Amino acid sequence: MAVFEHDVLVIGGGLAGMRAAIEAARNGADVAIISKLHPMRSHSGAAQGGINAALGEDDSWETHAFDTVKGSDYLADQDAAEILAREAPNDIVELERMGTTFNRDEQGRIALRPFGGAGFPRACFIGDITGQAILHVVFEQVLKLSVTIYEEYYCTSLIVDDGVVRGAVALHLVAGNLVPIQGKAVIMATGGLGRVYQPTTNGIACTGDGMAIAYRAGAPLQDMEFMQFHPTTLKDSGVLMTEGARGEGAYLLNSAGERFMAKYAPEKLELASRDVVSRAEQTEIEEGRGVDGCVLLDVRHLGEARINERLWQIRELAIDLANTDIVHEPVKVRPGAHYAMGGIKTNVDGASPLAGLFAAGECANVSVHGANRLGGNSLLETVVFGRRAGQAAARYARETPARPPLSEAVVQRDQEFIETVMERAGSAGGDGDRPAAIRHELGEMMRADVGIFRTGERLAAALGKVAELQERYQRVRLHDTGKVFNIDLVSLFELSFMLDIAHTMVAGALAREESRGAHTRRDFPDRDDERWLKHTLAYCTPEGPRLEYAPVTIMRWQPEVRTY
Ligand SMILES: Cc1cc2nc3c(=O)[nH]c(=O)nc-3n(C[C@H](O)[C@H](O)[C@H](O)COP(=O)(O)OP(=O)(O)OC[C@H]3O[C@@H](n4cnc5c(N)ncnc54)[C@H](O)[C@@H]3O)c2cc1C
């Protein structure tokens, strides 16, 4: 069996992974990326509205950092929020130098669009295809630096030797065999977990793999109870209508045609932070002022020319998926599962508490988003903390002495799992579910019981449901027993990761008896700084997550009442 070896192994070929790989390579490391998708198909490519940096004349990194901390409902670590905001302008300039064609203003400077919860227009953008445009230029740099790419390799587990991460096991999807890939340092950059919910704005591959893999290997997951519900997603498909639409001036209307945000956020209206807008929409819908289970997003007053210049993608999406041309009529939208604030706990250099393991991007928790992320800060997080993780991992690899090669036994556990499910698939009879059935029930349950408004009773029921689904997973049945591109098998791994992740989310939410940011408990409606101004850490045990708590780093800004 071939054992591949690198200094730095990056798992994930999205923006965070590729930015980390570039920086590690620039720092002299031999770098490889493992990705279950072609890097250009990573979900970063779906990002629409923009990436934040305090480039405006009246803006400052301090204001950006403060907005981030306030948006987080004071759960963000303030040292991390400061780094994010302070380093953002340079990272934007660097992206531009790589070739990113940001929209310009009349003076030829990078144009800035207002986003929710921000004191100034701060989101740099390329129409409403910002992620796609940046992904292209970053991928070019990866190619230029000759980073090895294990494309369509599916990471199934980390290799941990004597408490130190030494590489990863991956299923080569084309050949169907498991391979160990050794890395002195490993950077997890596998993106989000949105598919734990149904529907979601996230693509089919956003199944929280890296978070679950790191968790099983011994790394703690931080603040998993905080899930962001984006205020403007299409009703049936869950596809996103960018916050950039509200940044350009779109209205949210209820069934009476009222701009209802005036009641909930009199100052910021539609540009309050996402948790506030989503709660307001859900309240309007539940109190009978919705339209077909939705509210209306109205951009007609912007005019066709501006819509075509800045919001062309969402115009096409609304026509194709909701049969609505936003130039002529408002489109029905509702809050939808969008972004995981929680993830693998790291320090500001991307290092997790598990030696040799780093993390960056949506799968990491550094923590800049706390209980609620601001729009435009996630793309920024991928480049700022991707870069920092790449640099730190290269340093760690340089300082790590060579170790004896890994034995073939490192793939044994995953190999046995595959053999067991293949045997079960080949045997007659049995009452096991198909993976898709369990996945569907999980997504529906998470939407109903672990949504915008939560109660102890529903969360306790959710915990029971996760246990039931985990038990049914033990008997799950594959149909495809082939080796080549066995997506059925991949979905089985993904499902087990999603069940573990859901377990940490529900356990964290049930324990947190307060309302903060995106976590709203009807039975505990107030923020409770005395008891709950702390991070939740989930550790993997055979019985499920064990929760511990860690302090929040407070520097300049003491928690205040949060209004918009
Ligand atoms: C519709 C949409 C619009 C958004 N718009 C914005 C925006 O305008 N501004 C903003 O700041 N944020 C936005 N976000 C959020 C932001 O796009 C993401 O948080 C960010 O791009 C995530 O980047 P990432 O590199 O962490 O993950 P991804 O880009 O998702 O990349 C993950 C990578 O990991 C790989 N991978 C996953 N699991 C495995 C495995 N088991 N083995 C091997 N490889 C694996 C995948 O192949 C992929 O290459 C948006 C999100 C969505 C869903």
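The largest cavity has a volume of about 50 Å³. A cavity here is a set of points on a 1 Å grid over the protein atoms alone where a 1.4 Å probe fits but cannot get out; grid points are joined across faces, edges and corners, and a volume is the space filled by probe spheres set on the points. You are looking at a predicted model, in which local features need pLDDT of at least 70 and side-chain atom pairs count only at pLDDT 80 or more, while totals for chains, interfaces and linings use all residues. Residues are numbered from 1 along each chain as its sequence is written, and side-chain values use heavy atoms, with hydrogens and water left out.

**Stop 1: the cavity.** Select Phe229, Asp275, Ser278, Arg279, Ile452, Ala518 and Thr520, which line the largest cavity (lining residues have an atom within 4 Å of a point). Helix α8 (residues 274-286) gives the largest share of this lining, three residues. Helices (H or I, at least four residues) and strands (E, at least two) are DSSP runs, numbered from the N terminus.

**Stop 2: helix α12.** Now select residues 412-426. Colour Asp414, Ile418, Val421, Met422 and Ala425, which are buried (under 20% relative accessible area with a 1.4 Å probe, protein chains only; exposed means over 50%). They lie on the same side of α12 because they cover an arc of only 100° around the axis, taken from the directions from the helix axis to the C-beta atoms. On the face turned away from that side, find the exposed Arg413 and Glu423. Covering the buried residues are, among others, β7 (153-161), β8 (164-172), β9 (178-188) and α15 (487-511).

**Stop 3: the second largest pocket.** This pocket has a volume of about 820 Å³; a pocket is an open set with protein on both sides within 12 Å along at least five of seven lines. Of its 31 lining residues, select Arg216, Arg413, Ser496, Phe497 and Asp500, the closest to its centre. Elements that each supply at least two lining residues include α12, α15, β20 and β21.

**Stop 4: the β20 strands.** Show β20 (residues 534-541) and β21 (residues 544-551): they pair in the antiparallel sense over eight bridges (pairing needs at least two DSSP bridges). A hairpin of two residues joins them, and threonine 541 has glycine 544 as its bridge partner. Finally, β10 (residues 221-222) pairs with β20, also antiparallel, over two bridges, with leucine 221 opposite alanine 538.

Note on methods:
Contact = heavy atoms within 4.5 Å.
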